[in-house]
Amino acid sequence: VQLQASGGGLVQPGGSLRLSCAASGSFFSINVMGWYRQAPEKQRELVAGITVGGITNSADSVKGRFTISRDSASNLVYLQMNSLKLEDTAVYYCNARIRRTWRGDEYDYWGQGTLVTVSS
């Protein structure tokens, strides 16, 4: 199983970026998908998550600015980031809770991370 994230880059404050993450490989189902971020010298934190049924949650710091969405048929998850701030600068990681076989347990898988830099 692999998670491939893309869409990071350099953007000015107030700008927008859209992150994408695709899950590939052999597995039975994907439960929750989400995005985490880790800024320099800080712990990794949850940005937003979305269940297979479309229920979302997000960190207070990004509410009203970031939107998570999912294309379950294509095993994709997106993070639309608007009104970006300097403090949003971080490496963003996608995460998926995946069941490899129909009777197996669920495990967390991580993408490689994509850097988002907000700077003027």
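# Working chat about the model

Biologist: What is the relative accessible area of D108?
Modeller: The relative accessible area of D108 is 37%, so D108 counts as partly exposed. Buried means under 20% relative accessible area and exposed over 50%, with partly exposed in between (1.4 Å probe, protein chains only).

Biologist: What kind of model is this, and how are residues numbered?
Modeller: This is a predicted model, in which local features need pLDDT of at least 70 and side-chain atom pairs count only at pLDDT 80 or more, while totals for chains, interfaces and linings use all residues. Residues are numbered from 1 along each chain as its sequence is written, and side-chain values use heavy atoms, leaving out hydrogens and water.

Biologist: Back to D108. Which side chain does D108 meet in a salt bridge?
Modeller: That of R97, at 3.0 Å from N to O. A salt bridge here is a side-chain nitrogen of Lys or Arg within 4 Å of a carboxyl oxygen of Asp or Glu. D108 is in strand β10 (residues 106–110) and R97 in strand β9, so the pair ties together parts 11 residues apart in sequence. R97 is partly exposed at 35% relative accessibility.

Biologist: How many salt bridges does the structure hold?
Modeller: Six. One of them joins D88 to R65, with the closest N and O atoms 2.7 Å apart. D88 sits in the loop between β8 and β9, and R65 in the loop between β6 (56–58) and β7, so this pair ties together parts 23 residues apart in sequence.

Biologist: Are D88 and R65 buried or exposed?
Modeller: D88 counts as buried at 1% relative accessibility, and R65 counts as buried at 10%.

Biologist: Which residues are linked in a network of salt bridges?
Modeller: R37, E45, R65 and D88. Within it, R37 pairs with E45, the closest N and O atoms being 2.7 Å apart. R37 is buried at 6% relative accessibility, whereas E45 is partly exposed at 34%.

Biologist: New topic. How many helices and strands does the protein chain have?
Modeller: Zero helices and 11 strands. Both are DSSP runs numbered from the N terminus: helices are H or I with at least four residues, strands are E with at least two.

Biologist: Which cysteines does the disulfide join?
Modeller: C21 and C94, with an S to S distance of 2.1 Å. C21 lies in strand β3 (residues 17–24) and C94 in strand β9 (residues 90–99), so the pair ties together parts 73 residues apart in sequence. A disulfide is taken as a pair of cysteine sulfur atoms within 2.5 Å, and the structure holds one. Both C21 and C94 are buried.

Biologist: Why is the disulfide right-handed?
Modeller: Because the torsion about the S-S bond of C21 and C94 is about 45°.

Biologist: And the largest nonpolar core, which residues touch the most other members?
Modeller: Of its 31 residues, W35, V47, F66, L79, M81 and Y92 do. β9 gives the most to this core, with five residues. Such a core is a set of buried Ala, Val, Leu, Ile, Met, Phe, Trp, Tyr and Cys residues joined through side-chain atoms within 4.5 Å.

Biologist: What is Y92 in contact with?
Modeller: Leaving aside neighbours within four places in sequence, the list for Y92 includes L19, W35, R37, V47, F66 and G113. Contact means heavy atoms within 4.5 Å.

Biologist: Last one. How much of the protein chain is buried?
Modeller: Buried residues make up 39% of the 120 residues.
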